[in-house]
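Here is a set of questions about how the terms for a protein structure are applied, with each answer setting a value against a definition. Please look at the structure first and then read on.

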Amino acid sequence: MHISPEILLVRYLAISRAIAGQMDFQSVLGEIAGELYMLFEHDHLDISILLPDQPGRNVSFEVGVSTKWGETADTPHLIAESPIRDLLIGKVPHFLTSDACNDSRFHFEDAFDSPIFEANLRSRVHVPLQVHGEVLGALNLSSHEIGKYGPEHVKIAQQVADLLAPYFNALIWGDQAKTAALSEGAARGREETLRLGALRLTEAMEDERKHIGMDLHDQTLADLTRILRRITGLKRRPVSVTTSLSGIAEDINTCVNELRRIIEDTKPGVMDLFGFTQAVEAQLERTVGGMVPTITTIVEDSTNSIVDEFSGSLRTALFRIVQEAINNAVRHGSPQQVVVNIEANEHDIVISVCDDGTGMETLQDGHSSGLDNMRARAAIVSANLVFERNDPDGGTRVMITVPRKHATKSGDISTRESLALEAAQ
Ligand SMILES: Nc1ncnc2c1ncn2[C@@H]1O[C@H](COP(=O)(O)OP(=O)(O)OP(=O)(O)O)[C@@H](O)[C@H]1O
Ligand SMILES: [Mg+2]
């Protein structure tokens with residue numbers, strides 16, 4: 001094969017133009033395959049890319065015949081099992097074979113070599129993709145024909161690989177930067193949620209300290225003073241001790257109940273501090289805690305915490321519905337997994353609680369207090385509540401759909417509805 005330098009230059013420029021603007025490996029390959037074919041006839045073209053964040057592993061992208069190497073592009077392979085591992089670890093400068101099916105260099109114990117046979121890859125050329133002497137992957141060209149390639153092909157393949165390598169290097173590091181930025185963003189988001197939660201907790205505790213002081217003074221201190229007065233009076237007057245004691249017991253009971261209320265009121269809820277999604281997560285964890293066998297829980301909120309923009313009473317109503325759905329799933333369904341999804345579209349917010357348990361069968365329209373309460377709460381906030389089979393996993397899906405216009409603070413629920421909700425809680 002002889003190609004004049006002018007033609008080579010034209011082809012390389014065409015390849016260079018073709019890759020411009022392609023943002024992922026598959027698109028780059030797709031764009032260059034045609035140009036490369038003019039230089040180098042092939043039936044299969046693929047690249048192997050080493051993963052800097054997963055040492056010892058690589059992924060493949062291919063065009064032409066599809067093989068298992070490319071089918072599993074999302075699942076990194078072990079370099080140690082790659083038929084061209086010696087090239088990927090820099091042990092050999094290239095591979096040239098006239099029949100890969102019968103070339104022992106590609107077939108060793110544990111070699112992931114089945115695609116060579118399945119796709120009938122005979123003549124093959126493998127050259128490294130390198131930047132600054134570091135191998136970042138390989139360019140691999142194959143033909144079904146035996147003895148099709150020679151040293152001239154290796155030379156051309158290497159020149160193409162040298163042209164592509166800086167571009168691939170940029171893509172690899174671009175991907176890495178994107179992944180790092182995403183996880184950093186997520187970590188920052190969590191940190192920010194915790195920071196805000198802690199700030200609100202401090203403020204809430206400060207407020208509550210004042211309330212506790214006032215409540216203890218007005219209620220509990222007054223109760224205890226009255227009880228003390230009655231006991232002191234008992235000593236002086238010869239009255240029936242039983243009657244007096246039962247009165248005192250009643251007073252103490254009231255005092256204890258009041259004290260309980262004060263304590264209950266002072267506990268700032270997870271929802272107030274950390275938001276709806278975290279409250280649902282906490283509820284799920286509490287409900288499945290200690291269950292044998294264990295139940296996996298997932299909460300996915302793709303709405304950027306939209307529920308936290310709602311009024312307190314609406315948010316509480318939604319939380320109570322979700323809470324009962326979670327309790328029911330765990331109590332009655334014996335599921336392996338409970339998933340809560342919070343999603344939004346242009347018109348609605350959709351919260352679903354899905355379990356893969358036994359399913360709830362016939363009770364859709366029946367009467368039952370937990371389900372009735374859920375329906376009542378949903379009706380008050382104009383939400384649509386649906387119980388359905390959680391296909392394809394089996395189990396139950398409870399879907400709560402709230403029109404966005406009812407949910408924003410400006411279109412908030414009325415005072416009447418708010419009062420009804422409070423009564424239902
Ligand atoms: N996710 C679920 N999987 C299986 N069965 C369910 C599920 N949710 C509800 N059920 C069935 O529906 C019935 C009614 O539920 P409901 O919440 O009204 O009552 P409950 O949970 O039995 O009692 P409670 O009044 O304490 O909530 C349950 O007893 C159960 O048989
Ligand atoms: Mg129930």
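Q: What makes the five strands S7-S8-S9-S11-S10 an open sheet, and which pairing do they have?
A: Five strands stand in the order S7-S8-S9-S11-S10 and form an open sheet with mixed pairing; strands are DSSP runs of E with at least two residues, helices are DSSP runs of H or I with at least four, and both are numbered from the N terminus. Two strands pair if DSSP finds at least two bridges between them, and S7 and strand S10 (384–389) are the edge strands, since each pairs on one side only. Neighbouring strands of this sheet are turned against each other by 10° on average, direction ignored, where axes are lines fitted to C-alpha atoms (for helices over the stretch in contact) and angles run from 0 to 180 degrees between N-to-C directions.
This is a predicted model, in which local features need pLDDT of at least 70 and side-chain atom pairs count only at pLDDT 80 or more, while totals for chains, interfaces and linings use all residues. Residues are numbered from 1 along each chain as its sequence is written, and chains are lettered from A and ligands numbered from 1 in the order in which they are written.

Q: How do you know that strand S7 pairs with strand S8, and in which direction do they run?
A: Six bridges join S7 (residues 296–301) to S8 (residues 337–344), and the definition asks for at least two bridges, so the two strands count as a pair; they run parallel.

Q: What joins S8 to strand S9, and are they parallel or antiparallel?
A: Seven bridges join S8 to S9 (residues 348–355), and the two run antiparallel; Ile-342 has Ile-351 in S9 as its bridge partner.

Q: Which strands does helix H10 touch when it packs on the sheet?
A: H10 touches S8, S9 and strand S11 (396–403), and its direction makes about 15° with that of S9; contact here means that the C-beta atoms of two residues, placed from the backbone, lie within 7 Å.

Q: Why is the length of H10 said to agree with that of a helix?
A: The expected span is 1.5 Å times one less than the number of residues, so the 22 residues of H10 should span 32 Å, and its end C-alpha atoms are 30 Å apart, which agrees. H10 is followed by Ser-334, whose phi is positive, near 45°.

Q: Is the unit made by S7, H10 (residues 312–333) and S8 left-handed or right-handed?
A: S7, H10 and S8 make a left-handed β-α-β unit. A crossover is right-handed if, with the strands pointing away from the viewer, the path from the first strand over the helix to the second runs clockwise, and this unit is classed as left-handed.

Q: Which residues come nearest to ligand 1?
A: Asn-328, His-332, Gly-333, Ser-368 and Gly-370 come nearest among the 16 residues around ligand 1, where a residue is near if its C-beta atom, placed from the backbone, lies within 6 Å. H10 and helix H11 (369–380) are the elements that give two or more residues to this shell, and H10 gives the most, with five.

Q: How do the residues of the shell around ligand 1 divide into nonpolar, polar and charged?
A: Four are nonpolar, ten polar and two charged, when Ala, Val, Leu, Ile, Met, Phe, Trp, Tyr, Cys and Pro count as nonpolar, Asp, Glu, Lys and Arg as charged, and the others, Gly among them, as polar.

Q: What makes strands S3 and S4 edge strands?
A: In an open sheet of six strands, with the order S3-S2-S1-S6-S5-S4 and antiparallel pairing, S3 (77–78) and S4 (95–97) each have a single partner strand, so one side of each is left without a neighbour in the sheet.
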